[in-house]
Amino acid sequence: MAIAKAERLMCLALCLLGTGRPLSKRELRTSIEAYVEAFGPGRGTAFGSDTSGEDAFNRMFERDKDDLRELGMVIDTVESLDGEPGYLARRDNNRLPPVTLDAEEAAALGVAAKVWQQARLAGAASGALQKLRAAGMPLAGAADDPETGAAEQVSALEPRIPVREAAFEPLMLACRDRRPVVFPYRKANAARPEDRHVEPWQLECWRGHWYLVGHDRGRDAERVFRLSRITGRVRNRGRGFTVEVPDRVTVRETVERWAGESADRSALIRLRAGAGYPLRARAYGIREAVLPGWDELEIPYGHGLDAWLVEFGPDVVVLEPAELRADVIDRLRAVAKG
C-alpha cells in the first residue's frame, strides 16, 4: 500500500510539473491511472452522477495535494474563467538547490546503499548512486578519475551488509511509517513460534544479523527481535503508536545490550579446536585445554550470551558460571524437543 501511494503521488507530481497550464480535477482524474482504476474516468458533468465516487476522489486528491506540499512541493491554485480551479506546479518554484556532500557524507551514502544490494530496492539505490556520481560526488566504490588520477574510492574494501530475511523490507517500511505490526516469532528456547504485536522503532545490523527494536504490546515493554527468528509474514495492524519512540542512540544501546554486547562479567567455555572464530575474536584469553582437540576461552558475559553459544552446537561447552551453563542446557533441550 505504501508503494502504491508513492507511485500515485509521483504521477500527480509529474502531471503538475509537466504542464504549461493549470489542470482541473477532472483532467487530473482522467490522466492519472491510479485515479482511473479507483474511481473511473467520470462522465457527463464534472464527475458523472456517482456522487459517492466523486466525494471519495475529492478526499483522496486533497490528501495527495497535502502530502506533496508537506514534502516541499509548491502547488499553485489558479481560478479559470468558468470558475473551476486548476492546479499547477511551476518549475521555477520547485527547483532543488545543488547537492553538495563532503567526503564523509559521500562515503556514508555509498556504504548505506550496500544495504540494498540484496533487497528489492537495489535497482533504485544503484540508480541514485549513479546520478550522484554523474553530478561529481565522490562516492565509495567509484572508479578512479582517469583525468586527474584522484581516487574516488574511500576504501579498497567494499562492505557487504546482507539482507536475506524476508521480514526486512516490510519492517523497514513499518519503522518509517510508524505502523504497528504483528508477526510469528520463535525464541531460541521455544518449541514453536507465537504472534508478537510490536510497535517497530528501528532496525540494526549487529554481527551480520538484523535486529528489530520496538515496543512489544503483549509484554508492555521494550523488546529486541532477531529477524532470522521471524517465521512468517509481517502483517500491518493499523496506525498510531502508544508509546514514544526513543532516540537513535538509545535504540542502538538496546540492541547491543540485548544481543550481549554490553558485558559486565566473564565466562569460561571449552571450544573445539578450529571452530568458533567469532568467539575467539572476542576472548580475553585462550589456552589449550586438558582435553585434546579443545581450547579454553574466557569471554565477555552479557545478556544474550546463552542464545549465541547455542548456535555453535556441540563445538561449545560452558564451564562456568553455573547459571550460564544451565541456561544453555535449557535452550538446547528446547531445540531438541522441536
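## Exercises on a helix and a sheet

The cover over the buried residues of helix α7 includes the strands β3 (181-185), β4 (194-206) and β5 (209-216). This is a predicted model, in which local features need pLDDT of at least 70, side-chain atom pairs count only at pLDDT 80 or more, and totals for chains, interfaces and linings use all residues. Residues are numbered from 1 along each chain as its sequence is written, and side-chain values use heavy atoms, with hydrogens and water left out.

**Exercise 1.** Find which residues of α7 are buried.

*Solution.* Start with the terms: helices (H or I, at least four residues) and strands (E, at least two) are DSSP runs, numbered from the N terminus. Buried means under 20% relative accessible area, with a 1.4 Å probe and protein chains only. Next, list the residues: Phe 168, Glu 169, Leu 171, Met 172, Leu 173, Ala 174 and Cys 175 are buried. That is 7 of the 10 residues of α7 (168-177), so the helix is largely enclosed by the rest of the structure. Last, look just after α7, where Arg 178 has a positive phi of about 55°.

**Exercise 2.** Give the strand order of the open sheet of 4 strands.

*Solution.* Two strands pair if DSSP finds at least two bridges between them. The order is β9-β10-β8-β11, and the pairing is antiparallel. The edge strands, β9 (285-288) and β11 (316-320), each pair on one side only. On β10, Glu 296 is the bridge partner of Arg 287.

Notes. Buried means under 20% relative accessible area, exposed over 50%, partly exposed in between (1.4 Å probe, protein chains only). Contact means heavy atoms within 4.5 Å.
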